[in-house]
Amino acid sequence: MTQKTVLVVGGAGYIGSHMVKALLDNGFNPLILDNLTTGYADLITGGEFFEGDLGDPRLLDRIFSSHKVGAVMHFAACALVGESVNDPLKYYRNNVSRTVELLEAMKRHEVGRFIFSSTAAVYGEPERLPIMEDDPKAPTNPYGASKATVERMLADCDRAFGLKSVCLRYFNAAGADPSGLIGERHQPETHLIPLVLRVALGQSEAIKIFGVDYDTPDGTCLRDYVHVNDLAQAHLLALESLMNGSASMVCNLGNSRGYSVREIIDAARRVTGHAIPEEEEGRRPGDPACLVADSGKARRELGWRPAFEDIEEIIRTAWNWHQKDATR
(Lines give C-alpha, C1' and ligand atoms only; values in the text may rest on other atoms or scores of the structure.)
Protein backbone atom coordinates (compact mmCIF):
# COMPACT_ATOMS: atom_id res chain seq x y z
CA MET A 1 0.00 0.00 0.00
CA THR A 2 3.07 2.28 0.11
CA GLN A 3 2.56 3.85 -3.29
CA LYS A 4 -1.18 4.10 -2.68
CA THR A 5 -0.82 6.17 0.51
CA VAL A 6 -0.70 9.90 -0.23
CA LEU A 7 -0.39 12.73 2.30
CA VAL A 8 -2.64 15.61 1.19
CA VAL A 9 -1.56 18.77 2.98
CA GLY A 10 -4.46 21.24 2.96
CA GLY A 11 -6.89 18.45 2.16
CA ALA A 12 -9.84 20.18 3.85
CA GLY A 13 -9.71 23.18 1.53
CA TYR A 14 -11.37 23.81 -1.82
CA ILE A 15 -8.97 22.08 -4.20
CA GLY A 16 -7.54 19.74 -1.56
CA SER A 17 -10.95 18.28 -0.70
CA HIS A 18 -11.62 17.54 -4.37
CA MET A 19 -8.20 15.88 -4.54
CA VAL A 20 -9.03 13.68 -1.55
CA LYS A 21 -12.27 12.57 -3.21
CA ALA A 22 -10.45 11.83 -6.47
CA LEU A 23 -7.84 9.77 -4.64
CA LEU A 24 -10.55 7.76 -2.85
CA ASP A 25 -12.43 7.24 -6.12
CA ASN A 26 -9.25 5.87 -7.70
CA GLY A 27 -8.27 3.40 -5.00
CA PHE A 28 -5.72 5.48 -3.10
CA ASN A 29 -5.40 5.90 0.66
CA PRO A 30 -5.34 9.65 1.43
CA LEU A 31 -4.03 11.05 4.69
CA ILE A 32 -5.28 14.60 5.27
CA LEU A 33 -3.27 17.22 7.16
CA ASP A 34 -5.04 20.54 7.68
CA ASN A 35 -5.12 23.14 10.46
CA LEU A 36 -8.67 24.19 9.46
CA THR A 37 -7.88 27.90 9.39
CA THR A 38 -9.28 28.07 5.86
CA GLY A 39 -10.36 24.46 5.43
CA TYR A 40 -13.55 22.76 6.61
CA ALA A 41 -13.82 19.32 8.18
CA ASP A 42 -17.18 18.67 6.52
CA LEU A 43 -15.52 18.86 3.09
CA ILE A 44 -13.40 15.78 3.86
CA THR A 45 -15.11 12.78 2.24
CA GLY A 46 -12.83 10.05 3.62
CA GLY A 47 -9.32 9.08 4.57
CA GLU A 48 -7.51 9.62 7.88
CA PHE A 49 -7.54 13.21 9.14
CA PHE A 50 -4.80 14.91 11.16
CA GLU A 51 -5.60 18.38 12.47
CA GLY A 52 -2.39 20.37 12.60
CA ASP A 53 0.14 22.47 10.75
CA LEU A 54 2.47 21.51 7.90
CA GLY A 55 5.23 23.31 9.81
CA ASP A 56 4.97 21.06 12.89
CA PRO A 57 7.96 18.67 12.68
CA ARG A 58 6.75 16.43 15.53
CA LEU A 59 3.37 15.90 13.87
CA LEU A 60 5.01 15.30 10.50
CA ASP A 61 7.40 12.76 12.03
CA ARG A 62 4.46 10.98 13.66
CA ILE A 63 2.55 10.80 10.37
CA PHE A 64 5.53 9.62 8.32
CA SER A 65 6.61 7.12 11.01
CA SER A 66 3.19 5.51 11.32
CA HIS A 67 2.36 5.38 7.60
CA LYS A 68 4.35 4.33 4.55
CA VAL A 69 3.67 7.48 2.52
CA GLY A 70 4.38 7.19 -1.19
CA ALA A 71 3.90 10.85 -2.12
CA VAL A 72 2.92 14.24 -0.74
CA MET A 73 0.51 16.73 -2.34
CA HIS A 74 0.69 20.31 -1.08
CA PHE A 75 -2.43 22.54 -1.18
CA ALA A 76 -1.89 24.41 2.10
CA ALA A 77 -0.74 27.84 0.90
CA CYS A 78 -2.18 31.19 1.91
CA ALA A 79 -3.55 32.45 -1.38
CA LEU A 80 -5.00 35.99 -1.24
CA VAL A 81 -3.04 38.39 -3.42
CA GLY A 82 -4.20 41.55 -1.65
CA GLU A 83 -3.51 40.13 1.79
CA SER A 84 -0.04 39.07 0.67
CA VAL A 85 0.75 42.68 -0.25
CA ASN A 86 -0.40 43.93 3.15
CA ASP A 87 1.11 41.09 5.19
CA PRO A 88 4.02 39.62 3.20
CA LEU A 89 5.65 37.93 6.19
CA LYS A 90 2.56 35.77 6.72
CA TYR A 91 2.97 34.50 3.16
CA TYR A 92 6.69 33.82 3.40
CA ARG A 93 6.20 32.17 6.80
CA ASN A 94 3.39 29.84 5.74
CA ASN A 95 4.10 29.28 2.07
CA VAL A 96 7.89 29.08 2.26
CA SER A 97 9.19 28.46 5.82
CA ARG A 98 6.58 25.84 6.70
CA THR A 99 7.10 24.13 3.36
CA VAL A 100 10.79 23.85 4.29
CA GLU A 101 9.72 21.94 7.42
CA LEU A 102 7.58 19.64 5.28
CA LEU A 103 10.40 18.97 2.83
CA GLU A 104 12.85 18.33 5.66
CA ALA A 105 10.45 15.79 7.18
CA MET A 106 10.09 14.10 3.80
CA LYS A 107 13.88 13.91 3.51
CA ARG A 108 14.21 12.41 7.01
CA HIS A 109 11.66 9.72 6.17
CA GLU A 110 12.84 9.15 2.60
CA VAL A 111 9.61 10.19 0.90
CA GLY A 112 10.73 11.14 -2.58
CA ARG A 113 7.69 12.37 -4.52
CA PHE A 114 6.06 15.79 -4.19
CA ILE A 115 3.22 17.41 -6.15
CA PHE A 116 2.94 21.13 -5.65
CA SER A 117 -0.07 23.37 -6.11
CA SER A 118 1.51 26.37 -7.81
CA THR A 119 -0.04 29.32 -9.62
CA ALA A 120 -0.05 31.52 -12.70
CA ALA A 121 0.89 34.35 -10.32
CA VAL A 122 4.53 33.27 -10.68
CA TYR A 123 4.54 34.90 -14.15
CA GLY A 124 3.42 38.39 -13.15
CA GLU A 125 2.52 40.54 -16.14
CA PRO A 126 2.68 38.18 -19.13
CA GLU A 127 4.92 39.06 -22.06
CA ARG A 128 2.84 36.97 -24.46
CA LEU A 129 -0.39 34.97 -24.64
CA PRO A 130 -0.99 32.18 -24.14
CA ILE A 131 1.55 31.85 -21.32
CA MET A 132 4.04 28.99 -21.58
CA GLU A 133 6.04 27.32 -18.83
CA ASP A 134 9.38 28.73 -19.96
CA ASP A 135 8.13 32.33 -20.01
CA PRO A 136 9.84 34.70 -17.52
CA LYS A 137 8.82 34.41 -13.90
CA ALA A 138 8.37 37.92 -12.51
CA PRO A 139 5.72 37.79 -9.76
CA THR A 140 4.20 41.14 -8.85
CA ASN A 141 3.07 40.23 -5.32
CA PRO A 142 4.36 38.23 -2.32
CA TYR A 143 1.87 35.41 -2.98
CA GLY A 144 3.31 34.74 -6.43
CA ALA A 145 6.85 35.26 -5.15
CA SER A 146 6.33 32.71 -2.37
CA LYS A 147 5.15 30.10 -4.87
CA ALA A 148 8.08 30.82 -7.18
CA THR A 149 10.43 30.40 -4.21
CA VAL A 150 9.02 26.95 -3.43
CA GLU A 151 9.37 25.96 -7.08
CA ARG A 152 13.05 26.95 -6.88
CA MET A 153 13.47 25.00 -3.65
CA LEU A 154 12.02 21.90 -5.26
CA ALA A 155 14.42 22.15 -8.19
CA ASP A 156 17.32 22.53 -5.74
CA CYS A 157 16.14 19.54 -3.69
CA ASP A 158 15.97 17.42 -6.84
CA ARG A 159 19.59 18.26 -7.63
CA ALA A 160 20.74 17.82 -4.04
CA PHE A 161 19.05 14.59 -2.96
CA GLY A 162 16.78 13.38 -5.76
CA LEU A 163 13.36 14.63 -4.61
CA LYS A 164 11.12 14.33 -7.65
CA SER A 165 8.34 16.89 -8.02
CA VAL A 166 5.64 18.15 -10.33
CA CYS A 167 4.68 21.81 -10.02
CA LEU A 168 1.23 22.49 -11.43
CA ARG A 169 0.60 26.16 -12.17
CA TYR A 170 -3.14 26.73 -11.94
CA PHE A 171 -4.90 29.53 -13.66
CA ASN A 172 -8.43 30.15 -12.28
CA ALA A 173 -9.82 27.15 -10.39
CA ALA A 174 -13.61 27.02 -10.67
CA GLY A 175 -16.66 24.80 -10.29
CA ALA A 176 -17.49 22.01 -7.87
CA ASP A 177 -17.81 18.26 -7.85
CA PRO A 178 -20.98 17.36 -9.79
CA SER A 179 -22.17 15.26 -6.84
CA GLY A 180 -22.79 18.47 -4.90
CA LEU A 181 -21.07 16.94 -1.86
CA ILE A 182 -18.16 19.38 -1.88
CA GLY A 183 -17.37 22.70 -3.48
CA GLU A 184 -15.85 26.13 -3.03
CA ARG A 185 -16.17 27.84 0.35
CA HIS A 186 -13.92 30.76 1.27
CA GLN A 187 -14.11 33.42 3.98
CA PRO A 188 -13.61 35.99 2.65
CA GLU A 189 -14.57 35.03 -0.89
CA THR A 190 -12.50 36.66 -3.63
CA HIS A 191 -13.16 34.46 -6.68
CA LEU A 192 -15.42 35.83 -9.39
CA ILE A 193 -17.76 32.89 -10.02
CA PRO A 194 -18.86 32.34 -6.39
CA LEU A 195 -19.20 36.11 -5.94
CA VAL A 196 -21.50 36.27 -8.97
CA LEU A 197 -23.52 33.31 -7.67
CA ARG A 198 -23.91 35.01 -4.29
CA VAL A 199 -25.82 37.75 -6.08
CA ALA A 200 -28.04 35.14 -7.75
CA LEU A 201 -28.69 33.63 -4.30
CA GLY A 202 -29.66 37.01 -2.88
CA GLN A 203 -26.64 37.11 -0.56
CA SER A 204 -25.23 40.22 -2.28
CA GLU A 205 -27.00 43.05 -4.07
CA ALA A 206 -24.72 43.33 -7.11
CA ILE A 207 -21.48 42.04 -8.57
CA LYS A 208 -18.71 44.61 -8.82
CA ILE A 209 -16.72 44.83 -12.04
CA PHE A 210 -13.26 46.24 -11.38
CA GLY A 211 -12.16 47.96 -14.58
CA VAL A 212 -14.10 48.33 -17.81
CA ASP A 213 -11.41 50.02 -19.92
CA TYR A 214 -8.93 47.20 -20.49
CA ASP A 215 -7.66 46.40 -23.98
CA THR A 216 -10.04 43.46 -24.35
CA PRO A 217 -13.12 42.96 -26.55
CA ASP A 218 -15.56 44.21 -23.88
CA GLY A 219 -13.15 46.20 -21.70
CA THR A 220 -13.10 43.75 -18.78
CA CYS A 221 -10.34 41.37 -17.74
CA LEU A 222 -9.95 37.98 -19.44
CA ARG A 223 -9.16 34.89 -17.37
CA ASP A 224 -8.67 31.18 -18.05
CA TYR A 225 -11.01 29.03 -15.92
CA VAL A 226 -10.26 25.37 -15.19
CA HIS A 227 -12.63 23.03 -13.36
CA VAL A 228 -11.49 21.85 -9.94
CA ASN A 229 -12.06 18.19 -10.88
CA ASP A 230 -9.84 18.65 -13.91
CA LEU A 231 -7.16 20.02 -11.58
CA ALA A 232 -7.53 16.92 -9.39
CA GLN A 233 -7.26 14.69 -12.45
CA ALA A 234 -4.01 16.43 -13.43
CA HIS A 235 -2.63 15.67 -9.96
CA LEU A 236 -3.53 12.01 -10.34
CA LEU A 237 -1.71 11.90 -13.67
CA ALA A 238 1.28 13.68 -12.14
CA LEU A 239 1.32 11.14 -9.30
CA GLU A 240 1.22 8.27 -11.78
CA SER A 241 4.03 9.87 -13.75
CA LEU A 242 6.27 10.19 -10.68
CA MET A 243 5.50 6.64 -9.58
CA ASN A 244 6.57 5.46 -13.03
CA GLY A 245 9.94 7.14 -12.55
CA SER A 246 9.51 10.34 -14.55
CA ALA A 247 11.73 13.37 -14.07
CA SER A 248 10.57 16.48 -12.23
CA MET A 249 8.50 18.88 -14.33
CA VAL A 250 6.43 22.06 -14.32
CA CYS A 251 3.08 22.30 -16.15
CA ASN A 252 0.41 24.96 -16.66
CA LEU A 253 -3.19 23.93 -16.03
CA GLY A 254 -5.88 25.87 -17.85
CA ASN A 255 -8.41 25.49 -20.64
CA SER A 256 -6.37 27.76 -22.96
CA ARG A 257 -9.44 29.95 -23.47
CA GLY A 258 -10.06 33.31 -21.83
CA TYR A 259 -13.46 34.55 -20.61
CA SER A 260 -14.07 38.16 -19.67
CA VAL A 261 -15.73 39.27 -16.46
CA ARG A 262 -18.84 40.24 -18.43
CA GLU A 263 -18.89 36.86 -20.18
CA ILE A 264 -18.81 35.10 -16.81
CA ILE A 265 -21.66 37.23 -15.51
CA ASP A 266 -23.74 36.61 -18.65
CA ALA A 267 -23.09 32.86 -18.45
CA ALA A 268 -24.15 32.87 -14.79
CA ARG A 269 -27.37 34.67 -15.74
CA ARG A 270 -28.15 31.93 -18.26
CA VAL A 271 -27.34 29.14 -15.80
CA THR A 272 -29.22 30.57 -12.81
CA GLY A 273 -32.06 32.41 -14.51
CA HIS A 274 -31.38 35.45 -12.30
CA ALA A 275 -30.77 39.02 -13.45
CA ILE A 276 -27.54 39.50 -11.41
CA PRO A 277 -27.16 43.31 -11.21
CA GLU A 278 -23.66 44.71 -11.72
CA GLU A 279 -21.75 47.77 -10.56
CA GLU A 280 -18.74 49.23 -12.35
CA GLU A 281 -15.71 50.18 -10.27
CA GLY A 282 -12.20 51.38 -11.09
CA ARG A 283 -9.36 49.01 -11.85
CA ARG A 284 -7.65 47.17 -9.02
CA PRO A 285 -3.87 47.66 -8.88
CA GLY A 286 -1.93 44.81 -10.45
CA ASP A 287 -4.76 43.17 -12.38
CA PRO A 288 -3.39 42.09 -15.79
CA ALA A 289 -5.79 42.49 -18.71
CA CYS A 290 -5.40 38.87 -19.86
CA LEU A 291 -4.17 35.64 -18.29
CA VAL A 292 -4.54 32.57 -20.51
CA ALA A 293 -2.55 29.34 -20.24
CA ASP A 294 -0.86 27.23 -22.84
CA SER A 295 -1.55 23.81 -21.29
CA GLY A 296 -0.08 21.81 -24.15
CA LYS A 297 2.72 20.41 -21.99
CA ALA A 298 0.31 18.85 -19.48
CA ARG A 299 -1.67 17.37 -22.33
CA ARG A 300 1.43 15.96 -24.05
CA GLU A 301 3.48 14.78 -21.09
CA LEU A 302 0.78 13.81 -18.59
CA GLY A 303 -2.00 12.87 -21.01
CA TRP A 304 -4.29 15.41 -19.35
CA ARG A 305 -7.66 15.99 -21.05
CA PRO A 306 -9.99 18.41 -19.24
CA ALA A 307 -13.51 17.05 -18.97
CA PHE A 308 -15.07 20.48 -18.31
CA GLU A 309 -14.29 22.97 -21.07
CA ASP A 310 -17.65 24.73 -21.45
CA ILE A 311 -17.92 27.70 -19.09
CA GLU A 312 -21.66 27.22 -18.52
CA GLU A 313 -21.07 23.63 -17.48
CA ILE A 314 -18.37 24.76 -15.04
CA ILE A 315 -20.70 27.42 -13.58
CA ARG A 316 -23.57 24.92 -13.41
CA THR A 317 -21.57 22.63 -11.11
CA ALA A 318 -20.73 25.63 -8.91
CA TRP A 319 -24.38 26.74 -8.85
CA ASN A 320 -25.47 23.24 -7.80
CA TRP A 321 -23.03 23.36 -4.88
CA HIS A 322 -23.66 26.93 -3.74
CA GLN A 323 -27.43 26.42 -3.64
CA LYS A 324 -26.94 23.44 -1.33
CA ASP A 325 -24.24 25.08 0.77
CA ALA A 326 -26.43 28.14 1.32
CA THR A 327 -29.01 26.00 3.16
CA ARG A 328 -26.51 24.33 5.52
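I count a charge as sitting over a ring if NZ of Lys or CZ of Arg is within 6 Å of the ring centre and within 35 degrees of the ring normal. By that rule I found the charged end of R283 over the ring of Y214, 4.0 Å from its centre. I also noted R185 over the face of Y40, at 4.6 Å from the ring centre.

Basis. This is a predicted model, in which local features need pLDDT of at least 70 and side-chain atom pairs count only at pLDDT 80 or more, while totals for chains, interfaces and linings use all residues. Residues are numbered from 1 along each chain as its sequence is written, and side-chain values use heavy atoms, with hydrogens and water left out.

Aromatic pairs. I looked for Phe, Tyr and Trp rings (six-membered ring for Trp) with centres within 6.5 Å, calling planes under 30 degrees apart stacked, over 60 edge-to-face and the rest tilted. I found one pair. F114 and F116 are stacked, 6.3 Å centre to centre with 25 degrees between the planes. Buried here means under 20% relative accessible area, exposed over 50% and partly exposed in between, with a 1.4 Å probe and protein chains only. F114 is buried at 0% relative accessibility, and F116 is buried at 2%.

Nonpolar cores. I took a core as a set of buried Ala, Val, Leu, Ile, Met, Phe, Trp, Tyr and Cys residues joined through side-chain atoms within 4.5 Å. The largest has 37 residues, of which I15, M19, L23, M73, L168, L239 and L253 touch the most other members. Helices (H or I, at least four residues) and strands (E, at least two) are DSSP runs numbered from the N terminus. Elements supplying at least two residues each include β1 (5-9), α1 (14-25) and α7 (228-243). Helix α7 gives the most, with 10 residues. Leaving aside neighbours within four places in sequence, I15 is in contact (heavy atoms within 4.5 Å) with F75, Y170, A173, V228 and L231. Another core, apart from this one, has 27 residues, among them L54, I63, V96 and F114.

Helix α8. What does A268 touch beyond its neighbours within four places in sequence? I listed V196, L197, G273, I276 and I315 as the contacts of A268. A268 is in helix α8 (residues 261-272) and is buried at 1% relative accessibility.

Cysteines. I searched for disulfides, pairs of cysteine sulfur atoms within 2.5 Å, and found zero. For C157, the nearest cysteine sulfur is that of C167, 11 Å away. For C221, the nearest is that of C290, 7.8 Å away. C157 is buried at 14% relative accessibility, and C221 is buried at 7%.
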